2 protein chains.
Amino acid sequence: VISLQIQGEERRAVEFDPDKPELLLLNQLLLPDKISFIRIRDYAEAADAITRMVVRGAPAIGATGAYALALAAHDSSAQTKEDFSRELSKVKDLLVAARPTANDLRHWVDLVFLAAIQEATVSEGRAKAIQEAVRIAEESAAECRLMGEVAHHLIEEGMGVLTHCNAGALATVDYGTALAPIRRAAEDRSFTVYIGRTGPYFQGARLTTWELAQENISHILVDDNAVFHHMATGEIALVITGCDRVAVNGDAANKIGTLGRAIAAKYYDIPFYIALPRTTFDENSPSGESIPLEERDPNEILYAWNGPRLAPEDTPVRNVSFDITPKELITGYITHQGILSAGELPTAFS
Amino acid sequence: VISLQIQGEERRAVEFDPDKPELLLLNQLLLPDKISFIRIRDYAEAADAITRMVVRGAPAIGATGAYALALAAHDSSAQTKEDFSRELSKVKDLLVAARPTANDLRHWVDLVFLAAIQEATVSEGRAKAIQEAVRIAEESAAECRLMGEVAHHLIEEGMGVLTHCNAGALATVDYGTALAPIRRAAEDRSFTVYIGRTGPYFQGARLTTWELAQENISHILVDDNAVFHHMATGEIALVITGCDRVAVNGDAANKIGTLGRAIAAKYYDIPFYIALPRTTFDENSPSGESIPLEERDPNEILYAWNGPRLAPEDTPVRNVSFDITPKELITGYITHQGILSAGELPTAFS
């Protein structure tokens, strides 16, 4: 069973048919008002879709990158293994650059690349790239289900649970990371999900509300500035977010605003959990300091989504799109192997 | 000299000509793109302008309320002191209800009311209401200048200073509260003001950027979710905000999001100051718990300013527009009498 019910059908935000092969992306820029899938023809279109946020969410863009590299391998006209490897290496770099903060993208694309070039022949490499992309995606979907199983007990009847941005089925291959325990708990408990609008690009308002409404999970949309007030009142008693990259020491990069929520959760003694599949863990980043933070187009700040310009035209803007939450602020890490401490991460994911 | 330079003229956001009498409001819903003053004919139009946020900011709506009550006194056809008092009392209640969290509005309207009804005759009461409204407004403007004098030393050359929402000349009779030390420091120092967009209604993006640009004060607009990141990097080294009501113990109500910034400032050991004129201090509220917090129209959350709807139409929304920052998180209170501690407030303002 797939989580997203779209116009009565089970669909995924990132769909890949290995037999054709064909890659389709649900255009998340048009949600919640319009359901429209875009056919991705090559890696350049995939990179563009990631940059424009047609697809977003760490595992979902990881899958997009892996499938796009598989398409590139399939379409390759290379005759020698050397040419094949050189060609895929370039594609890999271009895909990874589309979202520098996300580890899944880098990791998944690496795995597909290595699988493809380790085969004896170019022809076998082409087939292997597709197999490997499908394998990682299905593994990731299974991990998300497990994350729901291991962590749903954190959510009690009647509780207010804050999440951030969108870390649901729309952000993953299926089921979600932060929304995994929420989906699972909703099978037998009533509780309320609080979600901030998630400025500047409003993924919380546009995507998470839509996804939770599909599942009939009770939710309340608030402004990002209001989450602290609803912590102070006790309405929010638990925080669960996804993440884009976790360093070896446990520092976590995630959508901008995660840090502020984590600081406030600490201040109010509210447990703060981060949910991550194995591909989000970056064994090459010792701490948050080595995680690159993407700065995006100033127009995302100057304009209110597709609405009017807010500030004077020449207003100086910074648009840092991710922040680092230090491990001290994270109560635990929800993984397919259980809820871990920062110290347990390296062994669990090695 | 008046702070706001509008189309080459010195203007105020709230203008009152006691001789006609006439009340004009700069329509802040049209900034930064259009300069347009609205003539307010009576107290009902004034209350509506406050509710719709044509005028906003604690002292600016205080002045609007005071002038509107003075207009009501002037226009009153009451023949007896009893009728006059009864009539003004009703007007007073209606005006105060337009923005329940703000203390200035309640306080200023009370002062004008008491001055008017204490006169020997209705005719003298009419004249006195106008005199008293003008007196408080000019006193408040002078206080703002003094707040700049007493606190500008907090701002050092090269510093990053975070403010929130708009607490400048647009929010006051003149000069500003939080922007008072910023304006004064800018006379002889270079530094950068950080301002979050201030969701849901984007007063930071729409108003503060415009006001700072008028004064050539360096500023950077960021998303509300990003202020924590810029504290973590050390770019922000000081926070100064205005406020809507300060309780006797020092707890402060201000625009939603102030609380989260104060918690983060504490976490990073960044000094956090609140600037207040005397009329913002509420001797009837022992602590923040007794301050009413206005909840506004859900459409402010569902829509991005005048842009498209963000979330599905029937999404459940909370739109709490103010929060309470507990005194423990406030380093000091910038007043016309100096920078005070919470304990010094009651004596200073009694």
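Reader: What is the mean pLDDT of chain A?
Author: pLDDT is the predictor's confidence in each residue, from 0 to 100. Where pLDDT is low, the predicted coordinates should not be read in detail. Here the mean for chain A is 97, and 100% of its residues reach 70 or more. The model also scores ipTM 0.96 and pTM 0.97. Some ground rules: this is a predicted model, local features need pLDDT of at least 70, side-chain atom pairs count only at pLDDT 80 or more, and totals for chains, interfaces and linings use all residues. Residues are numbered from 1 along each chain as its sequence is written, chains are lettered from A and ligands numbered from 1 in the order in which they are written, and side-chain values use heavy atoms, with hydrogens and water left out.

Reader: Which rotation superposes chain A on chain B?
Author: Copies are superposed by least squares on the C-alpha atoms of residues with pLDDT of at least 70 in both. For chain A and chain B, the answer is 180 degrees with 0.0 Å of shift along the axis, giving an RMSD of 0.0 Å. That's the relation of a two-fold axis. In chain A, the C-alpha nearest this axis belongs to G307(A), at 1.9 Å.

Reader: How do I read a helix, say α2(B), and how many of its residues are buried?
Author: Helices (H or I, at least four residues) and strands (E, at least two) are DSSP runs, numbered from the N terminus. Expected span is 1.5 Å times one less than the number of residues. Helix α2 of chain B, residues 58-75, has 18 residues and reaches 26 Å from first C-alpha to last, close to the expected 26 Å. Buried means under 20% relative accessible area, exposed over 50%, and partly exposed in between (1.4 Å probe, protein chains only). In α2(B), 16 of the 18 residues are buried, so the rest of the structure largely encloses this helix.

Reader: And sheets? What is the strand order in the open sheet of chain B?
Author: Two strands pair if DSSP finds at least two bridges between them. The order of the seven strands is β8-β7-β6-β9-β12-β14-β15 in chain B, with mixed pairing. β8 (219-222) and β15 (338-340) of chain B are at the edges with a single partner strand each, so one side of each has no neighbour in the sheet. Inside chain B, β6 (residues 160-163) and β7 (residues 192-196) run parallel, joined by four bridges. One pairing there puts V161(B) with V193(B).

Reader: Which way do the residues of β12(A) point?
Author: In a regular strand the side chains alternate between the two faces of the sheet. In β12(A), F272(A) and I274(A) point one way, Y273(A) and A275(A) the other, and all are buried. Strand β9 (residues 238-241) of chain A runs parallel to β12(A), with three bridges, and T241(A) stands opposite I274(A). β12(A) also has three bridges to β14 (residues 332-335) of chain A, again parallel, with Y273(A) opposite G332(A).

Reader: What does L302(B) touch?
Author: Contact means heavy atoms within 4.5 Å. L302(B) lies in helix α10 (residues 299-302) of chain B and, at 6% relative accessibility, counts as buried. Not counting residues up to four places away in sequence, its contacts include L221(A), P308(B) and E313(B).
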